[in-house]
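Trainee: I would like a close look at one part of this model, with the other contacts set around it for context. Please take it step by step.

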Amino acid sequence: MATLLNVNGVSKRFGGIHALDEVTLAVQEGEIYGLIGPNGAGKTTLFNCMTGLYSVSRGEILLDGRPIHNRKPHVIVELGFARTFQNIRLFANMTALENVLVGRHVRTHAGVFGAVLRDAGTRAEEAASRERARALLDFVGLANKGRTLAGHLAYGEQRRLEIARALATEPRLLALDEPVAGMNPAERRQMAELFQRLRAQGLTLLLIEHDVKLVMGLCDRVAVLDYGRKIAEGAPNAVRQDPTVIAAYLGTEAAA
Amino acid sequence: MLEFLHRPRTRAQARAAIILLAVLLALLPFLVEAGLGRSWVRVLDFALLYVILALGLNIVVGYAGLLDLGFVAFYALGAYLYAWLASPHFGLHLPFWVVLPLGAGLAGLFGVLLGAPTLRLRGDYLAIVTLGFGEIIRIFMNNLNAPVNITNGPQGINLIDPVTIAGVSFGKTQELFGITFASAHFYYYLFLVFTLATLFIAYRLQDSRIGRAWVAIREDEVAAAAMGINTRNIKLLAFAMGAVFGGVAGGLFAAFQGFISPESFTLWESILILCMIVLGGMGHIPGVVLGAVLLTVLPEALRYLGDWQRAALGEVVVDPGDLRMLLFGVALVLMMVYRPEGLIPSRQRKREFHAEDGVAAQEQASLYDSRA
């Protein structure tokens with residue numbers, strides 16, 4: 001398997017605080033890669049660096065060999081890297097379908113003249129976008145919610161809509177920031193099943209998650225961050241027994 | 001106002017409604033003249049002009065959520081370009097169909113020039129910078145009369161060519177097909193054509209890839225960028241599109257009035273246009289149209305306050321000019337207290353202001369929390 005995402009010695013400082021300190025990791029094509037760690041370990045900061053919301057202070061991030069650090073977010077999306085947010089960030093006053101259609105933006109081209117004149121090309125593009133958006137809503141289980149405002153959807157539905165919106169950008173790598181946070185066990189199982197289906201379609205998943213059971217059952221490999229450093233990496237079961245990881249989660253006393 | 005067009009019971013009913021509306025719009029200046037006098041036809045013309053302006057600003061404020069308080073600058077640029085290219089001031093007399101696109105282009109260019117340095121600003125900060133921009137343009141127009149006389153300063157530019165189509169000058173009263181058309185009538189039809197074109201463009205943009213990108217930026221700029229929207233370009237496009245409408249309206253205004261001066265392009269105009277959008281229903285085209293018409297007609301109607309006072313009390317107790325602005329202000333305040341979402345809000349806006357679940361408020365609160 002080829003490496004899809006390389007993070008090489010990435011550091012991120014906010015003033016004097018080292019949010020990320022020389023983090024290096026590699027995500028293989030087609031795997032589900034978990035990123036875990038205690039609160040404040042720098043997981044979301046790493047996501048924001050990868051997706052262009054933050055600049056990196058040092059180091060490089062490569063997507064399929066091409067540097068993406070310090071690029072604009074929309075360029076990174078165009079290269080095939082989409083994400084969701086920990087605190088759901090949908091366009092609350094747009095319908096579910098419109099939210100997904102916004103995700104199509106980067107793969108479509110109609111400009112002002114196309115919009116006003118509605119030539120055959122624009123109409124075809126718009127129709128194809130809508131068809132694709134409906135298919136994606138169906139895929140995440142929101143087939144009959146297309147006309148509902150995103151802000152009116154139930155919490156779990158909003159999480160799934162965010163995934164559909166990210167999928168609409170046709171990513172090769174999808175980064176999910178705590179996608180099952182706040183969900184009940186049944187909903188978590190549904191989500192895990194959704195992730196499996198995504199992987200079966202050839203998508204690579206990068207997952208920040210607190211739910212250890214989910215991570216252990218789902219991820220091929222996990223990396224553990226603590227205080228901005230990677231303290232362990234490997235198969236979930238090996239990482240779980242790693243004394244450094246146990247210490248990070250439970251404190252040194254408990255580990256001893 | 002145009003709401004019924006959205007929910008026609010049947011196709012035939014929809015067609016009947018459109019024909020009825022078309023006939024009404026065609027006869028309106030004559031009905032108004034017969035009922036209220038010629039000066040009201042001019043009010044009607046201004047109402048249409050403000051509909052164009054409000055729809056233009058609505059793209060910037062209503063769709064893209066960029067609070068622009070300097071919109072009148074684009075109106076001024078369109079008007080001044082028209083005056084420069086079609087008046088004795090420089091001795092140029094180009095036809096309006098040449099000047100108007102140039103004015104639209106110039107305004108659009110300035111839209112980008114204003115947009116570029118303000119891309120990182122939002123809300124109050126953006127409002128203040130755009131306000132400054134509007135004032136700068138006005139002050140330039142006021143002072144560019146020496147050493148080279150470009151704008152003729154506070155005196156303004158006079159004797160601007162009226163629009164001429166097929167040899168018919170819109171500037172004077174003429175008889176066509178046995179009907180007497182005054183200047184105000186000609187311009188009514190001209191403005192109506194431009195208003196309908198603006199409406200068409202606004203509706204088409206709203207339901208498009210570009211329109212959705214604007215709304216996405218308004219809703220959550222970070223998420224919009226993370227979903228692949230080039231926020232810089234799309235915001236500049238909003239500024240430019242809004243400015244183009246402003247420039248067109250400015251050119252029409254210059255031709256219609258025959259005279260322009262910096263006095264016509266004060267901050268008050270920008271605020272008035274913004275009020276039209278807010279009052280009618282931000283981001284919702286029928287609401288914006290209604291807001292523009294109401295806020296043009298209402299102040300004119302309140303001019304009769306003096307007559308009414310004389311009729312009721314035998315004398316004018318309060319100066320009608322003062323009372324007019326007072327009542328206008330009271331109407332706006334009452335409106336914002338009791339119906340903050342506007343007269344005809346979109347379903348989205350209605351929800352924002354009457355959120356049962358408070359999700360909207362939460363979303364707003366967390367808007368920028370992941371930014372460095």
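How many residue pairs are in polar contact across the interface of domain 1 of chain B and domain 2 of chain B?

Mentor: The model is predicted, and the rule finds 6 residue pairs in polar contact across that interface, counting pairs in which both residues have pLDDT 80 or more. By class, the side of domain 1 of chain B that touches domain 2 of chain B has 8 nonpolar, 2 polar and 1 charged residues.

The assignment for chain B places domain 1 at 1-36 and domain 2 at 37-281. Taken over C-alpha atoms, the centres of domain 1 of chain B and domain 2 of chain B are separated by 26 Å. The contact involves 11 residues of domain 1 of chain B and 14 residues of domain 2 of chain B. Together these two domains of chain B bury about 1,100 Å², and carbon and sulfur atoms give 68% of that area. On the side of domain 1 of chain B, the residues that lose the most area to domain 2 of chain B are B:Pro29, B:Phe30 and B:Glu33, which together account for 45% of what that side buries.

Between domain 1 of chain B and domain 2 of chain B the count is 1 salt bridge.

The area buried between domain 1 of chain A and domain 2 of chain A is about 1,100 Å², with 66% of it on carbon and sulfur atoms. A:Glu78, A:Leu194 and A:Arg197 supply 31% of the area that domain 1 of chain A buries against domain 2 of chain A, more than any other three residues.

The count between domain 1 of chain A and domain 2 of chain A is 0 salt bridges, while the rule finds 4 residue pairs in polar contact there, both residues at pLDDT 80 or more.

The contact between the chains comes next. There, 42 residues of chain B are in contact with 44 residues of chain A. Chain B and chain A bury about 3,700 Å² between them, and 57% of this lies on carbon and sulfur atoms. In chain B, the residues losing the most area to chain A are B:Arg209, B:Arg212 and B:Met227, together 23% of what that side buries.

Between chain B and chain A the count is 2 salt bridges. In one such pairing the side chains of B:Asp220 and A:Arg89 meet at 2.9 Å, N to O. Across the interface of chain B and chain A the rule finds 9 residue pairs in polar contact, both at pLDDT 80 or more. The elements that each supply at least two residues of the side of chain B that touches chain A include H7, H8 and helix H9 (231-257) of chain B. The largest share of that side, 7 residues, comes from H7(B). The residues of the side of chain B that touches chain A divide into 22 nonpolar, 6 polar and 14 charged.

B:Asp220 itself sits in the loop between helix H7 (209-219) and helix H8 (221-226) of chain B. B:Asp220 counts as buried because its relative accessibility is 2%. Besides the salt bridge to A:Arg89, the side chain of B:Asp220 reaches the backbone nitrogen of B:Ala223 at 3.1 Å.

Note on methods: Residues numbered from 1 in each chain as written. Chains lettered and ligands numbered in written order. Predicted model: local features only at pLDDT ≥ 70, side-chain atom pairs only at ≥ 80, totals over all residues. Heavy atoms only, no water. Buried area = accessible area lost by both parts, 1.4 Å probe. Salt bridge = Lys/Arg side-chain N within 4 Å of Asp/Glu carboxyl O. Polar contact = N/O pair within 3.5 Å; in protein donor to acceptor, adjacent residues only side chain to side chain. Helix = DSSP H or I, 4+ residues; strand = E, 2+ residues; numbered from the N terminus. Buried < 20%, exposed > 50% of the residue type's maximum accessible area, 1.4 Å probe, protein only. Domains from an automatic or database assignment. Contact = heavy atoms within 4.5 Å. Nonpolar A, V, L, I, M, F, W, Y, C, P; charged D, E, K, R; others polar.
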